[in-house]
Amino acid sequence: MLIFEHSRPGRRNYSQSPKAAEAMDIPEKLLRKTLPLLPEVSEMDAVRHYTRLSQKNFSIDTHFYPLGSCTMKYNPRACNSLAMLPQFLARHPRSPESTGQGFLACMYELQEILKDVTGMAGVSLTPMAGAQGELIGIAMIRAYHESRGDTARTEIIVPDAAHGTNPATAVMCGYKVVEIATDKEGNVDMAALKAAVGPKTAGLMLTNPSTLGVFEENVAEMSRIVHQAGGLLYYDGANLNAILGKVKPGDMGFDVIHINLHKTFSTPHGGGGPGSAPVGVAPRLLPFMPVPIVAFENGTYRWQTEKEIPQSIGRLSAHMGNAGVLLRAYVYVRLLGAEGMHRVAEFAALNANYLMAELRKAGFEIAYPNRRASHEFIVTLKDLKEKTGITAMNLAKRLLDKGYHAPTTYFPLLVPECLLIEPAETESKETLDAFVTAMKEILEEAHTQPDLVKNAPHTTPVRRLDDVKAAREPDLAWKAPTRNISVTRTETLTAIPSVSVA
């Protein structure tokens, strides 16, 4: 039911309404002459309506969310609370540096921590999303080559298992994408890489561990090949939580990295909301970093701008990025400490490998059975589909009936009928065991009651939707029904009387 359908003529929420005096401060010519097309509901009606809607959602606060490649893990409430301290919230982004030393100190320390864990020479916090971090990384590679007059480098090499944003980023930066294959063990095909590298190579974009859930065994050799040809290496930091505290991208030979804070450092994730993806660079790219960057000199924190970094590729936002998200990440890394950094990777790998082993015992086919999972792994339902007609999407929808959000489906594209499963480091063994039980039940249903699985979900508020139609032809307009819901009133808007309580 829509909020409009709760509307009743004359119903008000006076406790949330502006006082008459406040309304009268608005010039007469700017005052509405008719009421807006809004529902008329009480405060209790509104609260109950939106609370009911929230309870119908799947979320990390209510359900296990093994969404591979996305790292859907719990965001500690302490991070939110501390990032929302009054002193942080009240700080204006254009306030003088002298009145923001505490905030600048937090940002400087976050820069230094990210430099340490990635092995990079410098970090800029300004990118406001993973895709923007990617764009900036390749833009810096382009600026580097152009500064040397090396304009013949027009190609970016991208493995076929890469995130879709990688080739899109390369094209947006003016490069031609050269795709290379993956071998049967999930590694980049080294013969294909050697054949692709040449005088036109500007760089290689690589996620390691890859979206196939395995660590690139030949990464050192890949780095040598690309650098020897004059190209640079870009590291997609989507899966950084798999190696945190264990190995550094800088030590692998990468020249630039973007870090998805929502994946590794537990800041709010997705939905088009506030994001953050700092970029780290090797020494050769320091002159091209986006500004501003926090500097610490003579006991004082200050912004470094284009004056100090004249070759900078510029600014990405009105100020310096999503301050509230960066504060949450800062609190999280301070909560973890050095030991906690190691444990993130250890438990991410432990949970993934335990879950992979249990699903294999349950009868599921693992896409790369000879490899240890990093922090995620792939199950393929290719054989199950051939035998029963049950697809990865069928299984995903049936999981909703069991109380679990589905893993990522049909990505990466090169594995047929795949489920990319990432339990993340925050889930307990009991949760993983319960998920395995649900998967086993669905596997049994696929053989004995295939129609039950094919027609799922059965218990959700909305049954199976046409996902393509919903995405391409969304019906977001509400039209008043014929029955009388008072949302089209034309009476003159009058000030609401204030109420004083003695």
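Predicted model: local features only at pLDDT ≥ 70, side-chain atom pairs only at ≥ 80, totals over all residues.
Good morning. Both faces of strand β5 are covered: on one side Leu232, Tyr234 and Asp236 are buried, and on the other Leu233, Tyr235 and Gly237 are buried as well. With six of the six residues of β5 buried, the strand is largely enclosed by the rest of the structure.

Let me turn to the neighbours of this strand. On one side, β5 (residues 232–237) is joined by five bridges to β4 (residues 201–207), and the two strands run parallel. Within this pair, Leu206 stands opposite Tyr235, and the bridge partner of Thr207 is Asp236. The chain passes from β4 to β5 by way of helix α9 (residues 219–228), and this β-α-β crossover is right-handed.

Which order do the seven strands follow? The open sheet reads β1-β7-β6-β5-β4-β2-β3, with mixed pairing. At its edges are β1 (122–124) and β3 (176–180), each of which pairs on one side only. On average, and ignoring direction, neighbouring strands of the sheet are turned by 20° against each other.

Two helices deserve mention in relation to this sheet. Helix α5 (residues 101–118) packs on the sheet and touches β1 and β6 (256–259), with its direction at about 125° to that of β1. Helix α7 (residues 165–172) lies across β2 (155–159), β3, β4 and β5, and runs at about 155° to β4.

I move next to the nonpolar cores. The largest contains 52 residues, and those with the most contacts inside it are Met107, Leu114, Ile157, Leu193, Leu240, Phe254 and Phe265. The greatest contribution to this core comes from helix α12 (residues 323–361), with nine residues. Another core lies apart from the largest one; it has 30 residues, including Leu359, Phe364, Phe377 and Ile390.

Setting aside residues up to four places away in sequence, Ile157 touches Val178, Ile180, Leu193, Ala196, Val197, Thr201, Gly203, Leu204 and Met205.

An unreviewed UniProt entry places the feature "modified residue: N6-(pyridoxal phosphate)lysine" at Lys263. In the model, Lys263 is found in helix α11 (residues 261–264). Is Lys263 buried or exposed? Its relative accessible area is 7%, which is under the 20% limit, and Lys263 therefore counts as buried. Apart from neighbours within four places in sequence, Lys263 is in contact with Ser69, Cys70, Thr71, Lys73, His163, Ala238 and Asn241.

As a last point, consider Ser59, in the loop between α2 (43–55) and α3 (77–83). Ser59 has a relative accessible area of 24% and is partly exposed. How far apart are the C-alpha atoms of Ser59 and Leu232? They are separated by 39 Å, and the two residues are 173 residues apart along the chain.

Methods. Residues numbered from 1 in each chain as written. Heavy atoms only, no water. Pairing = 2+ DSSP bridges. Helix = DSSP H or I, 4+ residues; strand = E, 2+ residues; numbered from the N terminus. Axes fitted to C-alpha atoms, helices over the stretch in contact; angles between N-to-C directions. Contact = heavy atoms within 4.5 Å. Buried < 20%, exposed > 50% of the residue type's maximum accessible area, 1.4 Å probe, protein only. Right-handed = clockwise from strand over helix to strand, strands pointing away. Core = buried A, V, L, I, M, F, W, Y, C linked by side-chain atoms within 4.5 Å. UniProt positions renumbered as here; feature names shortened; annotations may be inferred.
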